[in-house]
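Please look over the sequence and the model shown here before reading on. The paragraphs after it are meant to be read beside the coordinates.

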Amino acid sequence: MTASFLSMQDVAMPGSRSNRNSAFHRLLAVIRELLGNPSSGFGFIVISILLLTALVAPLIAPYDPNVINLGQTLQPPSATHWFGTDELGRDILSRIIYGTRISLTIITIVSVIVGPVGLVVGTTAGYFGGWYDTIMMRVTDIFLSFPSLILSLAFVAALGAGLENAIIAIGLTAWPPIARLARAETLTFRGADYISASRMQGASSLRIIVKSIMPMCLPSVLVRITLSMATVILTAAGLGFLGLGAQPPLPEWGAMIATGRRYMLDNWWLVAFPGGAILLVSLAFNLLGDGLRDALDPKQR
Amino acid sequence: MGNERLTAFTRQAGTILATLVGLLILTFCIGRLMPVDPVRAIVGEEADQATYEMVAERIGANLPLYQQFIRYMNDLLHGDFGISIRTGQPVINDILHVMPATIELATFAILFGAGFGIPLGILAAVRRNQPVDHVIRFLTLIGHSMPIFWTGMIGLIVFYAVLDLVGGGGRISDYYIGLVPETTGFLLIDTVVAGDWEVFWDAVNHLLLPASILGYSSMAYITRMTRSFMLDQLNQEYITTARVKGLSKGRTIWHHAFANIRVQLVTIVALAYGSLLEGAVLIETVFSWPGFGQYITNNMLIGDMNAVMTCVLLVGIIFIALNLLSDALYKIFDPRTR
């Protein structure tokens with residue numbers, strides 16, 4: 001009796017040391033697999049470069065991104081200014097390099113909002129079921145019935161333009177798919193023996209959800225968040241472009257394109273390079289997400 | 001049996017109703033969150049306290065929130081979507097006025113997207129993991145990943161400023177504006193009705209670039225879905241049976257596999273058509289296209305509350321309707337769901 005119970009605990013406790021160890025090994029295996037495939041390897045490397053650039057931006061940027069130099073306005077790309085200068089003589093390469101910090105901030109905060117919210121809504125809906133589940137899923141459906149850009153536009157219009165509000169708005173629109181996923185996962189675990197076992201031991205619902213269900217949902221939720229990052233990047237850039245996201249003079253890529261728009265017909269570099277950066281990062285997230293899904297879900301192969 | 005169907009119908013109707021009420025709550029919240037004082041917007045900055053309170057009384061701004069919400073629902077039920085603060089016109093009239101431009105743009109975009117997307121998706125599935133498949137995958141990935149407003153600008157720089165192949169911003173060149181009487185609001189139809197072919201070709205010239213860039217993003221989605229639907233079919237045994245029986249490859253692909261995914265494709269194209277609204281918001285800004293997308297953005301920028309609420313509501317309803325439509329199409333065309 002005791003022996004069988006212990007072995008059950010081995011499987012059951014997702015937070016136990018042996019599990020954490022194997023999770024780490026799994027992570028390494030996943031990264032190895034990602035790098036083995038050219039396209040997901042490309043995505044992984046581009047995002048690593050993005051992280052690194054954001055970290056050391058002041059060291060590698062050739063100029064101060066905000067210093068106005070009216071003697072050097074609208075210079076085409078050259079040896080001194082690789083990506084040219086904008087209408088105020090600021091170095092575009094330096095601005096793009098500093099812009100990685102803004103992109104990274106957006107990605108991080110959106111993940112921090114979306115992950116927990118989606119996880120809590122999804123797991124509780126799946127675990128409790130009934131009326132609560134119906135209401136929660138209806139709410140999710142309503143949010144899902146909007147294209148993300150239009151809903152975030154509406155939220156930003158309500159909250160006021162600016163980077164912080166844009167991030168909140170994107171977070172508000174990005175949680176429903178996560179909640180759906182977490183709920184579906186929870187439904188498959190709900191009837192499992194280890195859940196019944198901890199319920200019989202007298203664990204509260206809160207404890208079961210936090211300790212036994214959420215850790216099981218975490219891997220697929222992380223993959224889903226990675227996959228949605230491309231959309232987040234594009235939505236943030238779109239908001240910046242429409243003047244509702246990050247405000248000039250912040251070197252946000254979408255906002256840079258918006259200000260460059262007036263001069264673009266004669267000065268293509270004002271819009272071409274920041275847009276190229278957006279394309280590269282969102283492409284990288286798409287490739288990485290696809291690779292992650294393939295690595296974690298053998299059915300797709 | 002009849003009873004069962006009735007229950008299913010009631011449940012479906014209940015779901016739709018609940019979703020609609022939820023949508024109204026959402027738009028109402030967005031409207032009330034907006035940093036705009038609806039009374040000030042009507043009376044203006046100089047109005048004295050008495051006028052302010054009179055108007056507040058009349059539009060119900062002093063009532064508790066739930067009563068305001070009931071009022072809002074009541075107005076909507078009577079077809080009253082409010083007056084736009086910016087134009088002074090009923091919002092619904094404004095929207096009806098800008099809608100044709102967007103429908104024209106989106107229709108051409110979806111023709112482009114489906115016209116290229118479906119054949120490419122089939123090709124990719126048939127030549128799975130061959131070079132063609134990789135090229136198509138790359139093309140669709142770019143379509144997924146590109147910021148559409150940026151592609152629009154690059155398109156303008158290359159095809160308008162450098163090559164001078166297409167018209168620039170707007171629906172027609174400035175010197176043609178007002179020449180053709182507006183009967184339907186759809187320029188391509190209006191010019192044909194008026195028999196003015198010069199303006200017709202000018203309008204086509206202006207439509208080509210924004211429509212194909214918008215269409216490219218939906219092509220990416222349609223190609224991807226077509227490929228995966230097609231692969232599902234091609235991996236099934238009846239295809240092998242057909243091939244073993246001696247049917248040609250072309251015949252198995254078109255008469256068997258493709259015939260089975262037609263319904264799925266129709267629903268995907270319908271959903272993609274709706275999603276074009278999102279791209280339209282950005283593309284219309286880039287191309288100064290006087291449509292629904294630009295209308296939304298302009299009103300959000302100046303905080304025109306009634307207009308924003310109605311636009312958001314409308315987009316939500318369009319999407320709910322499209323989802324219902326695609327469910328209905330499934331039921332009508334797919335005998336297995338009957």
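The model is predicted, so local features need pLDDT of at least 70 and side-chain atom pairs count only at pLDDT 80 or more, while totals for chains, interfaces and linings use all residues. Residues are numbered from 1 along each chain as its sequence is written, and chains are lettered from A and ligands numbered from 1 in the order in which they are written.

Chain A has 11 helices and 0 strands; helices (H or I, at least four residues) and strands (E, at least two) are DSSP runs numbered from the N terminus. The C-alpha trace of chain A spans about 85 × 45 × 30 Å along its principal axes. Of the 301 residues in chain A, 45% count as buried, a residue being buried if 20 or more other C-beta atoms lie within 10 Å of its own, exposed if 12 or fewer, and partly exposed in between, with C-beta atoms placed from the backbone. Among contacts in chain A with a separation of 6 or more, 69% come from residues 24 or more positions apart; a contact requires C-beta atoms, placed from the backbone, within 7 Å.

Two packed helices are described by the angle between their axes and the distance between the axes. H6(A) and H9(A) pack at an angle of about 50°, and their axes are 10 Å apart. Axes here are lines fitted to C-alpha atoms, for helices over the stretch in contact, and angles run from 0 to 180 degrees between N-to-C directions. H6(A) and H9(A) are therefore oblique to each other, since angles under 35 degrees count as roughly parallel, over 145 as roughly antiparallel, 65 to 115 as roughly perpendicular and the rest as oblique. On the H6(A) side, A:Ser148, A:Leu149, A:Ser152 and A:Val156 meet A:Thr231, A:Thr235, A:Gly238 and A:Leu239 of H9(A). By class, this contact has 3 nonpolar, 5 polar and no charged residues; Ala, Val, Leu, Ile, Met, Phe, Trp, Tyr, Cys and Pro count as nonpolar, Asp, Glu, Lys and Arg as charged, and the others, Gly among them, as polar.

A:Asp290 is found in helix H11 of chain A. A:Asp290 is partly exposed because 19 other C-beta atoms lie within 10 Å. The C-alpha atom of A:Asp290 is separated by 38 Å from that of A:Thr80, 210 residues apart along the chain.

At the interface, 37 residues of chain A are in contact with 37 residues of chain B. Helices H5 (130-144), H6 (148-159), H9 (205-242) and H11 (269-296) of chain A each give two or more residues to the side that touches chain B. The residues on that side of chain A divide into 27 nonpolar, 7 polar and 3 charged.

Notes. Contact = placed C-beta atoms within 7 Å.
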